[in-house]
Every structure is written in structure tokens, then in C-alpha cells.
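Student: Can you take me through a structure, with the cut-offs behind each term?
Tutor: Gladly; here is the model to look at.

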Amino acid sequence: MKDYIESLFQFIDGSPTCYQAVDRIGKRLAQAGYRELSEKEPWQIAAGERYYVKRNDSSLIAFSIPKQKETEALSKGFHIVAAHSDSPCFKLKEKPELTVEKQYLKWNVEKYGGMILSSWLDRPLSVAGRVVVKEQEKMVTKLVNIERDVAVIPNLAIHMNRDMNKGVEYNPQIDMQPCVGSIGDQGGYLKLLAEEAGVEERDILGQDIFLYNRDRCKRVGIEEEWICGPRLDDLECVYGALEALLLSESLSGDYINMLAVFDNEEVGSGTKQGADSTFLKDVLARIRSGLHIGEEHYQCMLADSFLISADNAHAVHPNHPEKADPENKPYLNEGIVIKFHGSQRYATDAYSAAVMKDICHQAQVPYQVYANRSDIIGGSTLGNILMAQVSVNTVDIGLPQLAMHSACETAGAKDIEYLIRALQAFYQR
Ligand code: ZN
């Protein structure tokens, strides 16, 4: 059987930002026979074919249309898995260079999402993302990834803050600015990007550049029972969903299989490519029009569709078990987590939970359940946000993990295979 862990590590290590993640997904899909569509051009789509489309180079939707059957002309509905491509990190400002005292050059950054600030201190960092250049009257995006340890955010010595271990409040503008060199390196930022992108500095007209943790993913534990690495939330689910889609190759099913990877979950999803945008709705509308599906049948298809929103979940913490619900609490390596929320920040309900449990039974993988302690607000995710645009039966799931939104997170080594098997069973239902 395939070593999913090594393959997951390659995917995460090679995806320092959402742009590289979406690029990798696109390349994997293309290798597997999926054809890329552009939102700017008319779509010619047909039964028995596979496609994918990107938006903003940071979100992607893939879909495969079953072969036409003689008895039934049309698909019954959509089987969709959604996950997110972004993770909390720091974004470089448009003019990032700052000098301090007579020696240091720093890069001016601001927060992207809600990260554990202290986890970014005292470790090698670098930058990646995209630049936009003008080529023959067209704006062209180029991905950049400086694969060197170019930055560090040093802690203050304990001698300068004796209360350090009683908890520190970090100010992002003061405490979290990465140091990248000496004053003599000034002007080096654009040069670095231009060299990496293979363009002239003056040609760079736009940039979305983020700081990333240079640590690579590793196995940890006496029996190597855990995995540690950056961006497990949510690249672990993105990877699992992609593998599952590619494994469920048959086009003889009754449903159109879809994988939807959205950017900007960590900042509220409210962008043109986020889960709160019309991206999924627009793609569904174009599939509908491409396959000449009438309004009445399309509404029946939506009612018969199912969406799995896959975003990691909190496992019981070894040092703080009291933070978990007394009973509805998942553990690492014990299977897929089905998430519930009284106020519906998770979209799971009795029906969708039942379907998900049935999928897990069918795939012979374990599942567990999660609810917040009743006095903890908890986070939100993709499921209920997507429902505003496209309303279908939805379950919120995830893989159990620790230290969510740390620069280095921990998860169970067994759980990724459980996710792949369950999602494969879903796509083949
Ligand atoms: Zn997440």
C-alpha cells in the first residue's frame, strides 16, 4: 500500500502558501487526466470527462462527470468534499524593508489569520507566494518560493524580561517583525523575488508574499505514532481529499464528484475565492449549463447532493485534558472526527451525521465525535459558510490534531489513511 505519510509530507513541504498548494493540486489532477478550464473562456464539458478550474491561483474546484447511462440520462446530484488551502501566517507589506539601529534590516509584516504568535519565534523562516508581472500587455502570475533560511524573529532574552515565563503579550508590529540581514542588504527584497521569478525588479507590479516556517514535516513519538509539521490545518484534509478523488477513478457512478479547495478560510472566507464567494455556485451553474440540465432537474440534483466539509479538529490535549468536552472529545489516531455545534457553526445535523457514520462503516474506518466544551466558543469552518451560496446536506468533519494554528502542529500518523478511505468510499457511493 502507498506510504501516505511520506506523500503527505511532500505535499505540505512543497506547499509553503496557498498558491503552491493549488499549483501542486492542479499538476496532480492534470497528470491524472483532468483538463484545466479557465473561468474567462466558454466551457465545453461532456459526460465521462474530468476537469478542474482555479480562481485567483489560490482556490480550485475539480469535478468528474460520470459516463452517460442509457437508462438514465442525467446524474443524480453532486458529491462534494471541501477543504481550505490557507493557514495562519504573516503577510509582507507592499514596502516591507525597515532598518533598525545601525545594523539590522527587517521585513514589515502583518498577521494573516489567528496564529499562536510565540510559535513563530526563534526558528528559521522564509518567504513564498506570488508576484504579478506585465508580459505582452497581459498580467501574468509567477509563483515564488525562496527555499533558503532567510529570516528569524528573535525572542527577547529572559534577562531582559524576567516575567517571560508568566505569559507574554506580543505586539505584532513590535515583537513579530522578522530580521533578514544587515543594512547593507537594503533593496534586496525585490531583487530576491525578481531573481526567483525570473523577471526584472521593475516588472513586478503586484505581490502576495507570506512568511513561512522552514521546518519540514516529521514523524514523532517512540513508535512514530504522530506527525509534526506546519500547515496540517488544513493541508492534511486537502491532501486526503485529493488522494481520495484520484483513487475513485470509475466514471460509472450516479453522482458528479467534486473537490473544492478554498482560500481565505483563516480570515473569514469573505473574498472572491473564499467559501463565502460564488465560486462553487458559479462552477455548479456552468456544469449545469454545459450538460444542458434543466432548472427542475438541477434543483432535484441539489436536493440529492451531499457535502463533506473537511477541516481539522481539536484532539484532547495531553497537558490540558480539562479543555475538552467531558464526553464528545476525539483522540489522535482514533479516526475521523464528526463535529457538532449547538448554534450550527458546524453544519452537521442528525441526517448528515448518519450519512457520514454510514460512509465510515462502509470504508471500515473508525470515527469519533467533537463538540466544544459548553463554556468555550470554538472556531468556525467552511460548511455553514458555503450553505449561504449552495444549500445541500452537509457534514463537518476533520482529523484530530493538537496545537491548531501553531507554526508547527501535531496529528496522528494513522488518521490520514482513514480519511482517504472514507472519502474514497463517499466518492464511490
Ligand atoms: Zn482549518
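Student: What coordinates the zinc ion?
Tutor: The zinc ion is coordinated by His84 through NE2, by Asp233 through an OD atom and by Asp311 through two OD entries, at 2.0 to 2.7 Å. Donors here are N, O and S atoms within 2.8 Å of the metal (3.2 Å for Na, K and Ca), and water is not among the atoms, so sites may look incomplete.

Student: And what should I know about where these values come from?
Tutor: This is a predicted model, in which local features need pLDDT of at least 70 and side-chain atom pairs count only at pLDDT 80 or more, while totals for chains, interfaces and linings use all residues. Residues are numbered from 1 along each chain as its sequence is written, and side-chain values use heavy atoms, with hydrogens and water left out.

Student: Is the zinc site tetrahedral or irregular?
Tutor: The site is irregular, with angles of 53 to 143° among the four donor atoms. Four donors count as tetrahedral if all angles lie between 85 and 135 degrees; four count as square planar and six as octahedral if opposite donors are over 155 degrees apart and all others between 65 and 115; anything else is irregular.

Student: How are the donor residues spaced in sequence?
Tutor: The spacing is H-x148-D-x77-D. His84 lies in strand β4 (residues 77–84) and Asp233 in helix α5 (residues 232–247), so this pair ties together parts that are 149 residues apart in sequence. Helices (H or I, at least four residues) and strands (E, at least two) are DSSP runs, numbered from the N terminus.

Student: Are His84 and Asp233 buried or exposed?
Tutor: Both are buried, where buried means under 20% relative accessible area, exposed over 50%, and partly exposed in between (1.4 Å probe, protein chains only).

Student: Switching topic, how many salt bridges are there?
Tutor: A search of the whole structure finds 22 salt bridges, each being a side-chain nitrogen of Lys or Arg within 4 Å of a carboxyl oxygen of Asp or Glu. One of them joins Glu49 to Arg35, with the closest N and O atoms 3.3 Å apart. Glu49 sits in the loop between β1 (35–37) and β2 (50–55) and Arg35 in strand β1, so the pair ties together parts that are 14 residues apart in sequence.

Student: Which residues are linked in a network of salt bridges?
Tutor: Asp57, Lys91, Arg130 and Asp208 are linked in such a network.

Student: Now the sheet: what is the strand order?
Tutor: The open sheet of five strands runs β11-β12-β20-β19-β15, with mixed pairing, and two strands pair if DSSP finds at least two bridges between them. β11 (218–220) and β15 (313–314) stand at the edges with a single partner strand each, so one side of each is left without a neighbour in the sheet.

Student: What packs on that sheet?
Tutor: Helix α5 does, touching β12, β19 and β20 (contact means heavy atoms within 4.5 Å). The direction of α5 makes about 35° with that of β20, where axes are lines fitted to C-alpha atoms, for helices over the stretch in contact, and angles run from 0 to 180 degrees between N-to-C directions.

Student: And how is β20 joined to β12?
Tutor: Four bridges join β20 to strand β12 (residues 226–229), and the two run antiparallel; Trp226 has Gly412 as its bridge partner in β20.
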